[in-house]
Amino acid sequence: MEGLLNRDHESLAGWCLFVSTGKEMLPNVLNAYLRRLRWSLSELPSEERQEIIEETRSYLQDLLGDASAVTPEQALRELGRPEDYAQALLESHRISVALASGSAVMMLRQSAKLVGQRVAAFFGFLVLATLYSLVLGLTILAVLKPILPESIGLWRAHDGSALFFGFLDSASRPHYTDLLGYWLIPVCLAIASILYLGTTRLLRRFLGSLRRQVEKTPP
Amino acid sequence: MKGATELAVLASLTAQERYGLEILHAINACVGDIISVGTLYPLLNRLERDGKVTSHWVEEVRVGHPRKYYRLTEDGTELLARMREEWKVFSTGITRVLQGGASS
């Protein structure tokens, strides 16, 4: 701290002024934000964490200074949730640490995490695609029933060995019972609709989480 | 265009050292809002860790609070030069494509 007192272009009074007003210049909502940010960054070494907090504070003080028309709430909205903002910083830090350590175990873990996100995304997509094909399949059955009433149905084998929605050829037909008859049409359409609505809701959340992942990827 | 963001940040430090908000304004003044605060600071953080920029705190008594100024390192200047070249090639190529499309 002696360096500060030796600076020519700053008076001691001026230095005391900024020290005493630094933290009080921010309204409570912003100090609360900084506290949450500090908590989210607890994984970082304390020096690095402190730097980030100080820089964020400096940024907020700049935004809200002089002739600023920005409200504290607007300033915070720009930054986003402290947990999300911290995430970007943390991931970058973790990868750097893993790379610097030279430890195969650490690097594998970080790689697994990043790849895992993508693998999970891939399987999530497969599941959604499968559900949609089910919707399509059920709808096609409902449409085909009036056209091929003797071949399309919810079939059960007489000996109970099979039960399925689908197409049956005329040779096998005698061994099966048509459980629904023309009721297949409303039943299939109803199941397809419910499945469609549910899957689309899942898809929306899936795409949302994909977007968050994409936005976190370093350039 | 993620690569462009890094290029823009490095380029904004060519003539002078700047602090975060200054960099943000400098870039967005030229290109509109291509970079947000939540992206800029992590990016600066990474660039500093990779040794492309270096920073120091300045106690600005007029303003009443300290600011963290960034400037390019030698490594950073080299990287910037390389990225500028790549960008030139890229944008020339795109321009050619656009002209080709317009004339068909």
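The dialogue below goes through the sheet, the cores and the cysteines of this predicted model.

Q: In what order do the strands of the open sheet in chain B lie?

A: In general, the strands of a sheet pair through backbone hydrogen bonds, either parallel or antiparallel. Here the open sheet has three strands in the order β1-β3-β2 of chain B, and the pairing is antiparallel. The edge strands, each pairing on one side only, are β1 (18–19) and β2 (53–60) of chain B.

Q: Which helix packs on the sheet?

A: That is helix α4 (residues 46–64) of chain A, which touches β1, β2 and β3 of chain B, and whose direction makes about 110° with that of β3(B). Within the sheet, β1(B) and β3 (residues 65–72) of chain B are joined in the antiparallel sense over two bridges, and B:R18 stands opposite B:Y70 in β3(B).

Q: Which residues touch the most other members of the largest nonpolar core?

A: The core has 42 residues, and those with the most contacts to other members are A:L41, A:Y59, A:L60, B:V9, B:L10 and B:I23. Helix α3 (residues 37–49) of chain B gives the most to this core, with six residues. If neighbours within four places in sequence are left aside, the contacts of B:V9 include B:I23, B:I35 and B:L47.

Q: Is A:C188 buried or exposed?

A: A:C188 is at 0% relative accessibility, so it counts as buried, the cut-off being under 20%. B:C30, by contrast, has a relative accessible area of 69% and is therefore exposed, which requires over 50%.

Key. Residues numbered from 1 in each chain as written. Chains lettered and ligands numbered in written order. Predicted model: local features only at pLDDT ≥ 70, side-chain atom pairs only at ≥ 80, totals over all residues. Heavy atoms only, no water. Pairing = 2+ DSSP bridges. Helix = DSSP H or I, 4+ residues; strand = E, 2+ residues; numbered from the N terminus. Contact = heavy atoms within 4.5 Å. Axes fitted to C-alpha atoms, helices over the stretch in contact; angles between N-to-C directions. Core = buried A, V, L, I, M, F, W, Y, C linked by side-chain atoms within 4.5 Å. Buried < 20%, exposed > 50% of the residue type's maximum accessible area, 1.4 Å probe, protein only.
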